[in-house]
Amino acid sequence: MKPSRTSRPSPTSRTAEELATQPACWRRAAGTARTAGGLPVPGERVAVTGCGTSWFMAQAYAALREAAGQGETDAYPASEFPVRRRYDRVVAITRSGTTTEVLDLLGRLTDPTTTITADPSRLPQKPSAEYAEYAEYIAIPWADEESVVQTRFATTALALLRAGLERHGALPPDVRTVAEAAAHAEEALAAPLPPAAVRAGQWTFLGRGWAYGLAQEAALKMREAAGAWTEAYPAMEYRHGPVAIAGPGRVTWGLGPVPEGLAAEVARAGGTYEGVAGRDPMAELVRAQRLAVTLAERAGRDPDAPRNLTRSVILDG
């Protein structure tokens, strides 16, 4: 039988192949977190930074760490980092180790730093022995990607940080372990995509707390891979204006719990609400990644190499 267009995407693209490996990568990251040095410890004042997808992972981790009661945690894009503000540790996320804004920031910081990357050899090495005492790297080369569009590296970096929270204490009551998230992701990879989401012409992603960063990442994947019209908001803010866009042929997608009554309000507006109750938000992000690849392939786009994008942003000068 010929597979439905809404079934699990066949690995016709490298992105589709890579995103399907996420459950295994997350489990490996959880094992790495048990012994990795440089992960934040309870009580530290921490900032997390990155660019693009990595910044959204930073936002998710910052909100999750504070909700877990493990310490004040801020998130900034590397280009907007307040370098005069002091932290006990700065965590930088960079897949390639070559992004200009991240490298510039690491060169200016005097706080202890931990960089999560696929290739630490490409990061600049400070000449002083003093720097080596407070700069640490956590390499996850097995989560690297060939695709321009990030999927598994970013979520694996978040899984590593999330497992670091598990290592140091209990998570918030509504947050699952990384092992449970990986099991949910396997379900999200196996199940057919919702037909209404595949047919839609506009998608809005919502999340509360740490899931808001994941909602922003879901929207970014749709823009990058599929060139789609997508938006993302904190779930409680959706009814403060953005709900006006709900209507026929448009999908509102919740990653994690959303306010009571929101799905019914979307339906009254003629839109479609999507989101699996009780599923880990990272697993729902995997579904959004799959949707982005499916839409790109249906439109004849190359999800591995979207227009106007490169694997790493390296600026002149």
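This is a predicted model: local features need pLDDT of at least 70, side-chain atom pairs count only at pLDDT 80 or more; totals for chains, interfaces and linings use all residues.
Trainee: How many helices and strands are there in the protein?

Mentor: The protein has 11 helices and nine strands. Residues are numbered from 1 along each chain as its sequence is written, and side-chain values use heavy atoms, with hydrogens and water left out.

Trainee: Why does R287 count as buried?

Mentor: Buried means under 20% relative accessible area, exposed means over 50%, and partly exposed lies in between (1.4 Å probe, protein chains only). R287 has 4% relative accessibility, so it counts as buried. Across the protein, buried residues make up 54% of the 317 residues.

Trainee: What is R287 in contact with, leaving aside its neighbours within four places in sequence?

Mentor: Contact means heavy atoms within 4.5 Å. R287, which has its place in helix 11 (residues 281-298), is in contact with A188, L193, P194, W253, E274, G275, V276 and R279. One of these, L193, is 94 residues apart from R287 along the chain, yet their C-alpha atoms are separated by 7.4 Å. For the protein as a whole, residues 24 or more positions apart account for 70% of the contacts with a separation of 6 or more.

Trainee: Why are helix 3 and helix 9 called roughly antiparallel?

Mentor: Angles run from 0 to 180 degrees between N-to-C directions, and axes are lines fitted to C-alpha atoms, for helices over the stretch in contact. Under 35 degrees counts as roughly parallel, over 145 as roughly antiparallel, 65 to 115 as roughly perpendicular, and the rest as oblique. Helix 3 (residues 53-67) and helix 9 (residues 211-226) pack at about 160 degrees, with axes 7 Å apart. The pair is therefore roughly antiparallel.

Trainee: Which residues of helix 3 and helix 9 meet?

Mentor: From helix 3 come T53, F56, M57, Q59 and A60, and from helix 9 come G213, L214, Q216, E217, L220 and K221. By class, this contact has five nonpolar, four polar and two charged residues. Ala, Val, Leu, Ile, Met, Phe, Trp, Tyr, Cys and Pro count as nonpolar, Asp, Glu, Lys and Arg as charged, and the others, Gly among them, as polar.

Trainee: Is the crossing of helix 2 and helix 6 left-handed or right-handed?

Mentor: The crossing of helix 2 and helix 6 is right-handed. The axes of helix 2 (residues 22-33) and helix 6 (residues 152-168) come within 8 Å and cross at roughly 40 degrees. Residues in this contact include W26 and A29 of helix 2 and A159 and L160 of helix 6. By class, the contact has eight nonpolar, five polar and two charged residues.

Trainee: In what order do the five strands of the open sheet stand?

Mentor: The order is 2-1-3-4-5, with parallel pairing. Two strands pair if DSSP finds at least two bridges between them. Strand 4 (residues 113-117) and strand 5 have five bridges, and five also join strand 1 to strand 2. In the latter pair, G50 has P77 as its bridge partner.

Trainee: What makes strand 2 and strand 5 edge strands?

Mentor: Strand 2 (73-77) and strand 5 (135-139) each have a single partner strand, so one side of each is left without a neighbour in the sheet. Even so, four of the five residues of strand 2 are buried, and strand 2 is largely enclosed by the rest of the structure.

Definitions and conventions: Helices (H or I, at least four residues) and strands (E, at least two) are DSSP runs, numbered from the N terminus. A crossing is left-handed if the near helix is turned anticlockwise from the far one by less than a right angle, and right-handed if clockwise.
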